[in-house]
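This report describes selected features of a protein structure, arranged by element and residue. The sequence and the structure are shown first.

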Amino acid sequence: MTAISPSTPTPSKAAWQTAVAWLPRLLIALALLAFVGYFIVYAIYAFHLFRFPFDYDQGEGFELMDTLLFSQGEWPYRNNDHYPFYSSNYPPLFHVVIVPLVWLFGPQYWTGRLVSWLGTLLTAAAIGWAVQRRGRRWWLSAFSGLAFLASNYVYHVGPLFRQHMFMVMFETLAVVYLTATVEREEQDGRHYNGRLLLVMLLLLAAGYTKQLAYATVAAIFIFLFLRQSKRAVLWAVPFAAVTGLIFLWINLATDGWWLVNTVTANLNPFIPGQAIGLYRQWFTLHTVITVAAALFALYQLYFTRLSAYAVWFVAAVLNSVTAGKWGAGESYFATAIAASCILAGLGMAQVLDWAKQRGWRWETAVLTLIPLLWLIQADKVFHMPTHTPTLAAVARTLGKPTMVYIAPQTSCSAPRPPEPVHYVDSAGVSLLGRPPSAQDTAAGIAIANHILAGETAAFSEEAGFNFYAGRDVVTNPTQLLNLYQNNAVDLTEMLAMLNAQAFDTVILRAQFYPPPVLDAIGQQYETVDLIQMNGFVYCIMRPRE
Amino acid sequence: MVTKKQLGWLFVAAGVLGATAVLLVDVLEAGNYAGIGPAQRLALVGAGVLVLLGLSLLPLGDRPA
């Protein structure tokens with residue numbers, strides 16, 4: 001425990017000094033308790049999601065559809081002009097990784113949710129290891145890793161069937177392993193090309209999990225350029241070539257639909273207000289780790305050498321501006337959060353080393369301050385389901401509310417009054433984070449039963465209901481809208497089918513479809529039932545007589 | 001290996017280029033606003049900060065960046 005406690009005061013010192021020397025231990029224990037608590041909450045949320053057989057987040061079912069197509073040896077990058085009007089705008093790696101699970105267990109939501117969740121745990125472990133390598137204080141490493149999982153944003157999306165956090169995992173592994181490699185190279189005075197090759201493969205994996213990884217690719221090559229300029233160029237050329245060749249291969253294999261669906265369809269409008277709002281929220285929720293990371297990056301800039309983490313942090317924070325694109329959101333800050341967790345931990349370790357050299361008073365003061373800062377950070381990201389008496393009691397004890405009132409989200413039906421929701425989140429009113437309940441599952445089954453009452457697949461904004469009913473998954477509304485806004489889709493066949501009432505059921509949740517599609521639905525279908533699931537009101541529609 | 005001074009000059013160059021590009025938006029009439037819009041103003045402030053950061057690195061000389 002020498003790493004925790006400062007040097008023991010001599011016997012001649014007063015009793016208060018002994019008490020003060022124990023204060024850091026108490027605070028460290030409290031902060032650990034807080035972050036372990038968040039981890040337990042994260043696990044509770046994840047296990048509830050693993051059991052939930054429908055979309056919790058609107059895009060999940062379409063990622064499952066991508067995985068299903070890959071498991072059948074087909075590409076999900078397709079022509080949207082013809083039935084089933086389906087295509088994907090995401091790179092393949094996350095879905096390909098899940099394919100064996102789909103072979104074994106069928107198209108189940110828990111497969112991708114489990115893989116994504118495990119990916120966040122691996123990211124947290126990598127963050128902890130990065131801090132431990134330099135800091136040599138297990139509790140500080142634990143804070144850094146657990147703080148990543150305690151972020152509201154990571155909590156919200158970590159256990160979802162979404163590829164974003166899997167990309168962050170590859171990014172984090174690449175930067176951490178690059179740092180270890182370069183440090184060892186500088187220590188031994190030789191190049192470890194095999195290790196650098198592994199870093200490049202991790203980067204490639206990140207990019208082919210989600211396009212957003214380009215910022216981390218840039219950060220790594222900027223860092224390499226700062227340290228070993230010629231080598232950075234020598235590695236950048238083959239890296240770009242391999243990335244480009246894979247891109248060309250997929251594009252050729254899909255008759256050009258890869259380019260249309262992953263590039264053209266991603267040119268979405270930028271909403272400045274959305275970006276500014278998310279930056280404000282991110283900083284408010286993650287103030288301690290962000291400020292600590294920024295200060296340590298500045299310290300490196302002026303007094304030592306810039307680390308890969310500092311370059312990565314700056315690149316990730318700047319790239320988070322893309323959260324302002326239509327369809328983007330809070331998860332775009334996850335890379336910046338991972339980088340700030342590492343930098344904050346390393347910065348605090350450096351301050352502790354400095355304080356240790358100045359005697360036990362300084363060391364005690366810094367050892368007291370650091371867990372206090374982590375406790376402040378823990379308080380800022382407060383989030384907790386309160387659906388059980390124990391969790392509600394914990395929230396009450398911490399002086400937090402045990403429920404909030406949120407109006408169900410409606411788009412195709414009349415507004416509804418606010419309802420009690422047993423989930424509290426300092427990020428504000430959140431559509432994500434509340435563990436789905438048995439009532440939500442029953443609601444999903446009720447919606448699927450509407451499909452089973454007909455003969456055809458439903459024209460549904462979410463894939464889960466068709467999956468449950470064993471029917472085709474028809475189109476992906478957000479991708480369809482992306483393509484429509486970029487003049488990259490012909491809706492003729494789809495509109496003809498809707499006008500002919502070729503679908504027995506239409507299911508709307510947010511009306512993401514392009515305007516001509518919504519017009520056709522409005523003219524040919526009428527609402528026969530409204531069912532609430534996960535805080536959203538779904539409109540079940542049947543053909544008009 | 002890049003030095004602090006070289007990095008400083010890179011920052012200055014990036015800031016000047018960035019500011020020029022932001023101002024060119026008006027010349028090319030590519031922006032949504034007549035005159036300098038809010039996003040352009042923010043970008044100009046960022047470019048200015050980058051230039052100042054670069055200038056502050058110049059005195060640090062040949063120390064590795």
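## Helix 2 of chain B and its cover

The buried residues of helix 2 of chain B are covered by elements that include helix 13 (287-303) of chain A and helix 1 (4-27) of chain B. The model is a predicted one. Within helix 2 of chain B, the buried residues are Gln40(B), Ala47(B), Gly54(B) and Leu57(B). They lie on the same side of helix 2 of chain B, because they cover an arc of only 105° around the axis. The face turned away from this buried side carries the exposed residues Arg41(B), Leu42(B), Val45(B) and Leu52(B).

Helix 2 of chain B comprises 20 residues, 38-57. From its first C-alpha to its last, helix 2 of chain B reaches 29 Å, close to the 28 Å expected at 1.5 Å a residue.

## The disulfide of chain A

How many disulfides are there over all chains? The count comes to 1. This disulfide joins Cys412(A) to Cys539(A), with an S to S distance of 2.0 Å. The two cysteines are 127 residues apart and link distant parts of the chain: Cys412(A) is in the loop between strand 2 (404-406) and strand 3 (419-421) of chain A, whereas Cys539(A) is in strand 8 (residues 536-543) of chain A.

The disulfide between Cys412(A) and Cys539(A) is right-handed, because the torsion about its S-S bond is about 100°. Cys539(A) has a relative accessible area of 0% and is therefore buried. Another cysteine, Cys341(A), also counts as buried, at 0% relative accessibility.

## His164(A) in helix 7

His164(A) lies in helix 7 (residues 164-188) of chain A. Is His164(A) buried or exposed? Its relative accessibility is 4%, so His164(A) counts as buried, the cut-off for a buried residue being under 20%.

Apart from neighbours within four places in sequence, His164(A) is in contact with Lys210(A), Leu212(A), Ser331(A), Tyr332(A) and Ala334(A).

## Ala469(A) in helix 19

Ala469(A) belongs to helix 19 (residues 464-469) of chain A. With a relative accessibility of 12%, Ala469(A) counts as buried.

Which residues does Ala469(A) touch, not counting those up to four places away in sequence? They are Ala448(A), Ile451(A) and Leu452(A). The C-alpha atom of Ala469(A) is separated by 8.4 Å from that of Ala457(A), and the two residues are 12 residues apart along the chain.

Technical notes. Residues are numbered from 1 along each chain as its sequence is written. Chains are lettered from A and ligands numbered from 1 in the order in which they are written. This is a predicted model: local features need pLDDT of at least 70, side-chain atom pairs count only at pLDDT 80 or more; totals for chains, interfaces and linings use all residues. Side-chain values use heavy atoms; hydrogens and water are left out. A disulfide is a pair of cysteine sulfur atoms within 2.5 Å. Helices (H or I, at least four residues) and strands (E, at least two) are DSSP runs, numbered from the N terminus. Buried means under 20% relative accessible area, exposed over 50%, partly exposed in between (1.4 Å probe, protein chains only). The expected span of a helix is 1.5 Å times one less than its number of residues. The arc is that of the directions from the helix axis to the C-beta atoms. Contact means heavy atoms within 4.5 Å.
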